Amino acid sequence: ATEVTQTTATLNATVNPNGSEVTECTFEYGTSTSYGKTASCASLPGSGTSAVAVSASLTGLTANTTYHFRISATNAVGTSKGSDATFTTLPNPPAVVTGSASEVTQTTATLNATVNPNGSEVTECTFEYGTSTSYGKTASCASLPGSGTSAVAVSAPLTGLTANTTYHFRISATNAGGTSHSSDATFTTLAPVAPTVVTGAATAVTQTTATVNATVNPNGGNVTECTFEYGTSTSYGKTASCASLPGSGGSAVAVSASLTGLAANTTYHFRISATNALGTSQSSDATFTTAEEPKVEPKIEPKVEVLPRVEKQEPVPDVISTVDSATVSTQGAFVLKLSCPEEDKSCSGTVTVRTLTAVVASRGYEAKSKKPKAAILTLASGSFTLSGGQVKVLTLHLSSKARALLSRVKVLRVGVTIVAHDAAGATHTTQEKVTLRAARAR
């Protein structure tokens, strides 16, 4: 089949009459192999003996539909039918409808439309736009509408437009069936105005610093000046430039400025001021309060209490023995002279005499099975009471073991421990060494 459109096609075949006049030449066609419709050949192929091309033009077909067809030819001998063949009519071009422009500013807009692919994949989707119906510029649809059979919304964002200008636009969409153009539509960009300014909240506030914030919409006009005014009243009095200019777009841009040298615990007023070619705008007043200075606790001097001076007292001497050597009688008696310090009213206590080293008191162990062990031996003990400054003779008696030991060694170096208690109850201990000598036997 040739010259296939949405509703028409030309069917083609060849017929060889085989030397007998062809009396009937017909194309059978339909949407199945049952066919159901016929179309006569434009001309009969005659009576020759070679193949002759024949054709028939079809109309009234349905778009985007597959048709079956075959050739049928008759001569005096009989009728022959060709094999089945098919063709598919073209789909209808996309159905396109222009929508309204949205998000229109001084320099930007979004174009909108709908596209029905009519069952065939849309390969191209474009908005044409310009300041007249000649358009001159194009913008591709943000996404293709596919190959369905229902209307699909499409759009394209435009930038770089001229403020306060009327633009024409239409949608153009293409599928296998062709290209469709929508009707013309228009929109007008906004006229430029002074910037739109909105005060924000202060941040990073300390005792002496703060960051003031705001937004500025240039409204399509280049902002040449952006300043924060601030002070302790709505008279302000001080200014700080925005850290960066917000440009010339059509949407709000955040701006800020850092303030220093502020007073602690103080309320400040501030507002934003922005200027483009159309004028200057100032925002409403806002406030912030700086932080308080940290509290300093008063310094407390340490309290010094002067105590009365106490004279250093010399230690009270202990009770001492004035005897360095003593002779022990044959009965085991010997004397020690003790003195009490004059500083005390009285001295009382005990005297204990022991060997300086471990000794064996008796040699009578030879008959025993075990050898006796050496030990520190207490030789004698006694008590005393003296008045302050008094010297007194104290007689002590050796124990039987001590007498036996002394009779054997004749001379014994011993330790004398004197434990004395003064009138106030304090205890004083004195340790001295004394030599004991055995008396000669008469």
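The torsion about the S-S bond of Cys226 and Cys242 is about -65°, so this disulfide (a pair of cysteine sulfur atoms within 2.5 Å) is left-handed. In this predicted model, local features need pLDDT of at least 70 and side-chain atom pairs count only at pLDDT 80 or more, while totals for chains, interfaces and linings use all residues. Residues are numbered from 1 along each chain as its sequence is written, and side-chain values use heavy atoms, with hydrogens and water left out.

The sulfur atoms of Cys226 and Cys242 are 2.0 Å apart. The bond links distant parts of the chain, 16 residues apart: Cys226 sits in strand 18 (residues 225-231), and Cys242 in the loop between strand 19 (238-241) and strand 20 (253-259). Strands here are DSSP runs of E with at least two residues, numbered from the N terminus, and helices are runs of H or I with at least four. Cys226 has a relative accessible area of 4% and is therefore buried; Cys242, with 10%, is buried as well. Buried stands for under 20% relative accessible area, exposed for over 50% and partly exposed for values in between, with a 1.4 Å probe and protein chains only.

Next comes the bond between Cys125 and Cys141, with an S to S distance of 2.0 Å. Its torsion about the S-S bond is about -65°, so the Cys125 and Cys141 disulfide is left-handed. Here too, distant parts of the chain are linked: Cys125 belongs to strand 10 (residues 124-130), whereas Cys141 lies in the loop between strand 11 (137-140) and strand 12 (152-158), 16 residues apart. Cys125 counts as buried because its relative accessibility is 4%, and Cys141 counts as buried at 10%.

Cys25 and Cys41 form a further disulfide, with their sulfur atoms 1.9 Å apart. Since the torsion about the S-S bond of Cys25 and Cys41 is about -60°, this disulfide is left-handed. Cys25 lies in strand 2 (residues 24-30) and Cys41 in the loop between strand 3 (37-40) and strand 4 (52-58), so the pair ties together parts that are 16 residues apart in sequence. Cys25 and Cys41 are both buried.

For the structure as a whole, the count comes to four disulfides. With the bonded cysteines of the protein chain numbered in sequence order, the pairing reads 1-2, 3-4, 5-6, 7-8.
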